[in-house]
Amino acid sequence: MRNTDFLFLIISSFIFFLLRLPSLFEPYWYGDEGIYQVIGMAINNGSLLYKDIWDNKPPLLYLLYALFNSDQFAVRLVSLIFGLFSIFVFFFLSKKLFPPSSGGSKIVYFLTSSIFALLLGLPILEGNIANAENFMLLPILIAALLVVKADYLSSIPKVSLFFAGILLGLAFLFKIVAIFDFLAFITFLFVIDLPSKLHLALRKNKKYLVAFTQKTSPFIIGFLIPVIITIFYFWTKGALVDFARATFSSNIGYVAWQNKLILPLGLLLLKITLLIIAIVLIVRKRKALSLNTTFILLWFVLLLFNAFLTQRPYTHYLITLLPSFTLMIGLIFWEKKFQKAITLFFILAFVLVLKNFNFYEKTINYYQNFISFIVGQKSVSSYQAFFDKRTLTNYEVTTFIKSKIRGKDTIFIWGNNAQVYKMVGSIPVGKYIVAYHILDSKDGLTNTKEAIEKVKPRFIIIMPDQKPIPFKLVHYLRRIGISNVEIYERFF
């Protein structure tokens with residue numbers, strides 16, 4: 001590495017560390033993290049994922065939480081470390097894609113890497129929260145680097161593709177949307193291998209597609225290995241159906257939600273059509289485009305499609321789009337031949353993202369809140385209240401419950417505040433953790449009712465802003481109300 005490259009990485013990594021540092025000291029406030037924490041606790045307590053404790057993501061995120069005992073500080077520190085390595089890998093990926101030797105300037109890969117580190121470090125995309133996207137980003141970036149470092153014009157190294165496939169398989173086991181990165185990379189490998197006139201080549205050589213499959217088989221096999229091992233594990237545990245329902249079929253509702261346009265899935269069909277048109281245009285221009293430009297464009301359009309696949313614009317979905325998004329910025333400055341077309345396409349995509357996604361709006365206040373707290377200008381309660389108005393209530397409820405429970409006492413929470421289980425140190429009585437899990441699952445009410453009757457939790461906590469609890473509180477008396485939270489205690 002040149003001295004300037006090394007210095008740049010040190011400075012950008014240090015800035016990223018400073019931007020992420022406040023995330024290590026946040027209170028327990030984010031609902032999804034609460035679910036991950038509870039599942040990690042349950043796994044360490046002997047529960048089988050999906051069969052005994054349930055959520056709708058692949059297993060690696062929960063296993064990571066279990067590995068670090070669901071400690072928020074530890075998991076977020078691991079997320080920070082993953083982010084630091086992601087910055088390093090992205091830097092080398094950007095340098096490979098925008099080489100100064102091709103007539104460009106090293107400023108391009110410095111610019112893209114700076115934007116990537118800044119957006120990943122700031123809470124604007126919810127990078128401060130230990131969601132699956134933060135952990136899957138690193139294996140995806142390493143896989144991308146392995147793919148682009150291959151010698152495209154000769155035989156593609158099988159070992160590189162094999163390990164790239166394994167890494168994408170691991171990313172898939174953090175969250176299934178990594179399938180779009182896999183599709184982007186294999187589409188790229190397919191496109192760069194296409195002859196000028198495909199129909200003539202297929203007519204003359206009917207083994208063309210077979211040859212391509214053989215060439216990319218290490219990539220496909222590598223991707224499938226982690227997935228097959230996971231499927232085999234849950235099959236041996238008698239939980240294959242639960243695993244499949246949680247990670248695949250339960251997510252169909254996410255895709256279908258508000259994707260109606262004339263037809264039930266009309267809007268989704270429109271998105272697929274636009275994706276196909278974009279890919280076809282890239283394929284038609286493949287001889288005029290450089291290989292690096294082709295790679296970035298294919299990756300961007302497929303990850304853009306992924307971001308808009310559902311009509312649930314959760315901010316952290318954009319983290320997986322971030323690498324190709326920042327590379328597109330670099331492409332605007334590096335690709336002179338199609339600069340206007342690429343710029344126009346990028347602006348259109350950027351406007352769509354701005355109009356459809358909500359970004360974290362308290363970024364400046366986020367750091368002011370942290371600094372005020374560490375210098376003693378804010379109390380603990382004021383600091384905690386900044387993140388969510390319900391945070392103080394959760395801590396008050398936790399303080400009361402922890403002062404009353406003894407030994408193996410359990411609790412049941414009717415609400416979506418899973419983090420309270422973690423704060424109290426108790427796991428749910430049934431398979432489902434939060435109220436929307438119970439209501440959205442076919443066996444949610446039955447499973448939870450039977451669990452309450454069997455386990456007999458010491459306290460039942462009813463959170464405000466929820467539908468009425470659908471279970472009869474037999475043998476329970478109201479003990480106390482805390483900020484509209486009703487707490488019932490079992491009297492025998």
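How close do the axes of helix 6 (residues 132-148) and helix 8 (residues 179-192) come, and at what angle do they cross? The two axes come within 11 Å and cross at roughly 5°, which makes helix 6 roughly parallel to helix 8 (angles under 35 degrees). Axes are lines fitted to C-alpha atoms, for helices over the stretch in contact, with angles running from 0 to 180 degrees between N-to-C directions. The model is predicted, so local features need pLDDT of at least 70 and side-chain atom pairs count only at pLDDT 80 or more, while totals for chains, interfaces and linings use all residues. Residues are numbered from 1 along each chain as its sequence is written, and side-chain values use heavy atoms, with hydrogens and water left out.

Helices (H or I, at least four residues) and strands (E, at least two) are DSSP runs, numbered from the N terminus. Contact (heavy atoms within 4.5 Å) is made by Ile140, Ala143, Ala144 and Val147 of helix 6 with Asp181, Phe185, Phe188 and Leu189 of helix 8. Seven of these residues are nonpolar, none is polar and one is charged; Ala, Val, Leu, Ile, Met, Phe, Trp, Tyr, Cys and Pro count as nonpolar, Asp, Glu, Lys and Arg as charged, and the others, Gly among them, as polar.

The structure holds 50 aromatic pairs, defined by ring centres within 6.5 Å for Phe, Tyr and Trp (its six-membered ring), with planes under 30 degrees apart counted as stacked, over 60 as edge-to-face and the rest as tilted. The rings of phenylalanine 182 and phenylalanine 219 are stacked, with centres 5.0 Å apart and planes at 10°. This pair links helix 8 to helix 10 (residues 208-236) across 37 residues. Both phenylalanine 182 and phenylalanine 219 are buried (under 20% relative accessible area, 1.4 Å probe, protein chains only). Phenylalanine 386 and phenylalanine 387 form an edge-to-face pair, at 5.4 Å centre to centre and 85° between the planes.

An open sheet is formed by four strands in the order 1-2-4-3, with mixed pairing; strands pair if DSSP finds at least two bridges between them. Strand 1 (411-414) and strand 3 are the edge strands. Strand 3 (residues 476-482) runs antiparallel to strand 4 (residues 485-490), joined by six bridges, and isoleucine 480 stands opposite isoleucine 487 in strand 4. The two strands form a hairpin with two residues between them, and serine 483 in the turn has a positive phi of about 50°.

Definitions and conventions:
Angles under 35 degrees count as roughly parallel, over 145 as roughly antiparallel, 65 to 115 as roughly perpendicular and the rest as oblique. Buried means under 20% relative accessible area, exposed over 50%, partly exposed in between (1.4 Å probe, protein chains only).
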